[in-house]
Amino acid sequence: MEQKWPQEIWLVRHGQSAGNVARDLAEAAAGHRIDIADRDVDVPLSDLGERQSEALGAWFAALPPHQRPNVVLHSPYVRATETANILMQRLERDELLCVRSDERLREKEFGVLDRLTTHGIAHHFPDLYEQRHHVGKFYFRPPGGESWCDVILRLRSVMDTLERDFCGERVLIVAHQVTVNCFRYLFEHLNEAQILDFDRAGDVPNCSVTSYEFDPNQGKRGDLALRLVNFVAPLEATGTPVTVAKDLPTSPKA
C-alpha cells in the first residue's frame, strides 16, 4: 500500500498578537471598533506572543531529531510569519527540506466587518448581524469577506500539495484560529454541526498544537489519526500564560 499523506502534521495557531490584545480591550469597554491601525495581514505578535512562540519552539527542539518537523508552511500574515520564524530558530535549519509562506493559509477574510466588535457589528450592520445568526458562521459570507466554507475550499488545494509534495514528511503548519478549525474539518472528515460544536466549546489557544500522524490501518489506504488537540503543555511547563483571544474581528458564536 502506497502512503499518500505526510507522516505527521502539526497545526499551530500563531502566538498572541497585538490585535488580540486590542480586541479584548475593545470588547471589555463595549466599544464598536478595535483600536488598531495595521491591516490584519500586518498585525505583529505581542510580547507575550513572542514568549509563547519561544516556549513552543523549545518543545519542538526537545523532540528527537527524527521526530521534529522537516517542512514548515506558514501563513504570510506577520503574526504567523513571526511565530514560524521563532519556532525555526530552535530547529536545525539544514534539516528543513522546505520552508514556505503560503497565502492559502491566511486567516478568514472579514470584509466589511474587519475591526468591528460584536457591539459594532450589531450597531453598524444590523441586517448582517441578523443574517449571520440565521445562516450560521459556516456559510455566512460578509460582503468582501469569506465564510468558513470558503476557507475550507482553499484549504482543499493545500491538502493536494501535502499529498503531492510532502508525502512521508513531517509538516509543521503555522496559521490562524479559523484555519486550524477548517483543517480539522477536512482531516477528521467532520460535518458542519461537528466543527461548530468544537468551536463553541472554546477558542483555539495561541501557540497550541493540534497534530495528526499517518496510520496505515485507518481506511483502505491509511489515513491521518488525531493525536493532540489544542495542546498547550509546552506553555504551561514554562509558566507562559495561555491565551485564547479571537482574531479580528470578533463575532458571536453560532
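Here is a walk through this structure, from an annotated site to its aromatic rings.

First, some ground rules: this is a predicted model, where local features need pLDDT of at least 70 and side-chain atom pairs count only at pLDDT 80 or more, while totals for chains, interfaces and linings use all residues. Residues are numbered from 1 along each chain as its sequence is written, and side-chain values use heavy atoms, with hydrogens and water left out.

Let's start with the UniProt record, an unreviewed entry, whose "binding site" annotation includes Arg 13, Gly 15 and Arg 79. UniProt positions are given in the numbering used here, feature names are shortened, and annotations may be inferred rather than shown by experiment. Look for Arg 13 in strand β1, residues 8–13. Helices (H or I, at least four residues) and strands (E, at least two) are DSSP runs, numbered from the N terminus. Arg 13 is buried, because its relative accessible area is 0%; buried means under 20%, exposed over 50% and partly exposed in between, with a 1.4 Å probe and protein chains only. A polar atom of its side chain lies 2.6 Å from the backbone oxygen of Val 204. Gly 15 sits in the loop between β1 and α1 (18–28), and Gly 15 is also buried, at 0%.

Now hop over to Arg 221, in the loop between β5 (209–215) and β6 (223–231). Arg 221 counts as partly exposed, with 46% relative accessible area.

Next come the rings: the structure holds eight aromatic pairs. Rings of Phe, Tyr and Trp (its six-membered ring) pair if their centres lie within 6.5 Å; planes under 30 degrees apart count as stacked, over 60 as edge-to-face and the rest as tilted. Why is the pair of Trp 10 and Phe 60 edge-to-face? Their planes stand at 85°, with the centres 5.6 Å apart, so the pair gets that label. This pair links distant parts of the chain, with Trp 10 in strand β1 and Phe 60 in helix α2 (residues 47–62), 50 residues apart. Trp 10 is buried at 2%, and Phe 60 is buried at 1%.

Trp 59 and Phe 231 make a tilted pair, 5.4 Å centre to centre with 55° between the planes. Trp 59 is partly exposed at 22%, and Phe 231 is partly exposed at 22%. Finally, Trp 5, Phe 183, Phe 187 and Tyr 212 form one aromatic cluster.

Terms used. A polar contact is a pair of N or O atoms within 3.5 Å; within protein, one must be able to donate a hydrogen and the other to accept it, and residues adjacent in sequence count only if both atoms are side-chain atoms.
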